[in-house]
Amino acid sequence: MAIAQPAARPANPRFSSGPCAKPPVFDLVKLSGAPLGRSHRAAVGKDKLLAAIEGTRELLNIPADYKIGIVPASDTGAVEMAMWNLLGERKVEMLAWESFGAGWVTDVVKQLKIDAEVKTADYGLIVDLASVDFANDVVFTWNGTTSGVRVPNGDWIAADRAGLTICDATSAAFAQDLPWDKLDVTTFSWQKVLGGEAAHGMIILSPRAVARLESYTPAWPLPKIFRLTKGGKLIDGIFKGATINTPSMLAVEDYLLALDWARSVGGLEGLIARADANAKAVFDFCDAKPWIANLAEDPATRSNTSVCLKFTDARIQDGAAFAKAVAKRLEAEEVALDVGAYRDAPAGLRIWCGGTVETADIEAMLPWLEWAFEAEIPAQG
């Protein structure tokens, strides 16, 4: 039966999985120090870019001998750059359990036409990680943004691997503890866990990845925007702030503000704790309600950032239409914005729980989710 509208509302109803909620301290005024109208190659621009790189290293505990670069086209550009530069030297294993991982499979198999073994799992599940052969290069997504399924840890990755690991960590970095000794290439975008602006990506290279770059030349031509080497040597300037193309200095300033905020909440440990608390609020809600459940079937693989949910009530006649109606009702009340499932994912909802979201807002939103569910059950056509 229909229930009364909750009295409390989230202070911030933004639960989008990308671009994600800005840090709670965000204010446009705080970006006034951005060197707008200046060259990114001027001293002030280079200093800002290097601060973004080294701030990332500090907060994520990235080893000193790993290279960190700011690259174009968000996480997608960073992953593509890694694959086009590094793959082809040996066989590849492609692991996919959601839409973005499936996209990397398409690029490798149909575009680069590399000898690849493809291992996939349905939404809500994960591939058999124990079956991965690390004599091959391995490409995988740490946290499936569109499925809410993540790898439980890095124990499954061989320490003595011959191949490289290429990890899309865009909805994991700054919310989950990444084992750098197990990752040769790691990518993410500013628009995810720290709530930065879109269009900029980060690529992190281990010494093993750099060695591959300097010893192997792909069989295909590389566009300028992808090139990481020149004359068989790494273009080291990319990893000191000399970006391949012109970055937005306003977006850089925004990222620096987010890094400062991250330090203020306890750095990586604080960010992980915030995401865990947000996700737990949603998990506990689902455990208490018979009509909704986590899409990720194994609790060990449940994401603490992109929490994907499915409706399980037998009265629902059209799952996709019902989920859209619930999301639309929540948006109309301005209590939860952009919470519909990804277009290629199963019907349901997706609640972003990364560290920039306040747990109090999650807790205020969840009774509205129940209200919207109860309102839509009798409203089905």
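Helix H1 (residues 43–60) has 18 residues, which at 1.5 Å a residue should span 26 Å, and its end C-alpha atoms are 26 Å apart, in agreement. The expected span is 1.5 Å times one less than the number of residues. The model is predicted: local features need pLDDT of at least 70, side-chain atom pairs count only at pLDDT 80 or more, and totals for chains, interfaces and linings use all residues. Residues are numbered from 1 along each chain as its sequence is written, and side-chain values use heavy atoms, leaving out hydrogens and water. Helices (H or I, at least four residues) and strands (E, at least two) are DSSP runs, numbered from the N terminus.

**Helix H1**

**Sheet**
- An open sheet of mixed pairing is formed by 7 strands in the order E1-E9-E8-E7-E4-E2-E3; strands pair if DSSP finds at least two bridges between them.
- E1 and E3 (116–120) are the edge strands, each pairing on one side only.
- Strand E2 (residues 92–96) pairs with E3 in the parallel sense over 5 bridges, and Glu93 stands opposite Glu117 in E3.

**Lys233**
- Lys233 lies in strand E11 (residues 233–234).
- Lys233 counts as exposed because its relative accessibility is 53%, exposed meaning over 50%.
- Leaving aside neighbours within four places in sequence, Lys233 contacts Glu214 and Leu228.

Note on methods:
Buried < 20%, exposed > 50% of the residue type's maximum accessible area, 1.4 Å probe, protein only. Contact = heavy atoms within 4.5 Å.
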